[in-house]
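Student: I have a protein model open and would like to learn how to read it. Could we go through some features together?

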Amino acid sequence: MEFDPARFTGEQLNTGEEVTPARKAASVIVLREGTDGPEVLLVQRNPASRFMGGAWVFPGGAVHSEDDSAAETARRELEEEAALALDTSSLVPFSRWITPKEGMVRFDTSFFVTGVPAGADPRCDGEECVDVRWLRPRDALDAFAREEMVLVFPTIKHLEQLAEFDSVDHAVDTARGREVEPVMPRIVVSDEHRAQIFLPGEPGYEDDAG
């Protein structure tokens, strides 16, 4: 896939030889049943933020020293950013994504999925996040295609997966039944405005890899 690095990663790329270590992080994919299928909770990062400013993402953030697990990080960040308080026992591992080594800011992020009742009332903190929306995954992708929402690559790929589920239980049960393997895309830069991104197993991923 060819793309504008800033639009898909929210960050300028590292073209040097030194690789930035990936910081541990966690995010929560929160789902509810909607009238036309499952809806996912997205929060908008503060446009003033240097990293991914204005992007719509799943609630989440970096692991803190006091967190005893990635699930605890995910639970804490969800409550801080969207005012939803859940137990860690309700969070099911969904995926693990590692920022490509070509990124200037890198995270090793554990994603969890959970369902919430229709009456759940998320509210943004007004600092890190300035807006919240419930959207069908396909609607979010369509809004991105129309350039009405800013989405970064991992969010896009997760939304594509979520669009295949016909219910919240379908998504959660699928997550429970699979083994989570880390995914680290690779970015090949053609110039400062264009690049290609490859996922493991795709043609081009191993080409001239360092």
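Predicted model: local features only at pLDDT ≥ 70, side-chain atom pairs only at ≥ 80, totals over all residues.

Student: Where is Glu-147 found?

Tutor: In the loop between α3 and α4. The backbone there deserves a look too. Most residues other than glycine have a negative phi. Glu-147 is not a glycine, yet its phi is positive, at about 60°.

Student: What about Ala-83, what is its phi?

Tutor: Ala-83 also has a positive phi of about 60° although it is not a glycine. You will find Ala-83 in the loop between α2, residues 70–82, and β6, residues 92–98. Partly exposed covers the range between the buried and exposed cut-offs, under 20% and over 50%. Ala-83 has 31% relative accessibility, so it counts as partly exposed.

Student: Which residues does Glu-77 touch?

Tutor: Leaving aside residues up to four places away in sequence, Glu-77 touches Gly-60, Gly-61, Ala-62, His-64 and Ala-82. Take Ala-62: it sits 15 residues from Glu-77 along the chain, and their C-alpha atoms are separated by 8.6 Å.

Student: How do I describe two helices that meet, and at what angle do α3 and α4 cross?

Tutor: Look at the angle between their axes. Helix α3 (residues 137–145) and helix α4 (residues 153–162) have axes that come within 8 Å and cross at roughly 140°. That angle makes α3 oblique to α4, and the crossing is left-handed.

Student: Which residues in α3 and α4 meet?

Tutor: From α3 come Pro-137, Ala-140, Leu-141 and Phe-144, and they meet Ile-156, Leu-159, Glu-160 and Leu-162 in α4. Sorted by class, this contact has seven nonpolar residues, one charged and no polar ones.

Student: And for the whole protein, how many helices and strands are there?

Tutor: There are five helices and eleven strands. Of the 210 residues, 49% count as buried. The protein exposes about 10700 Å², with carbon and sulfur atoms supplying 47% of that area. For contacts with a separation of 6 or more, residues 24 or more positions apart account for 64%.

Conventions: Residues numbered from 1 in each chain as written. Heavy atoms only, no water. Helix = DSSP H or I, 4+ residues; strand = E, 2+ residues; numbered from the N terminus. Buried < 20%, exposed > 50% of the residue type's maximum accessible area, 1.4 Å probe, protein only. Contact = heavy atoms within 4.5 Å. Areas by Shrake-Rupley, 256 points an atom, 1.4 Å probe, with all protein chains shown as cover. Axes fitted to C-alpha atoms, helices over the stretch in contact; angles between N-to-C directions. Parallel < 35°, antiparallel > 145°, perpendicular 65-115°, else oblique. Left-handed = near helix turned anticlockwise from the far one by under 90°. Nonpolar A, V, L, I, M, F, W, Y, C, P; charged D, E, K, R; others polar.
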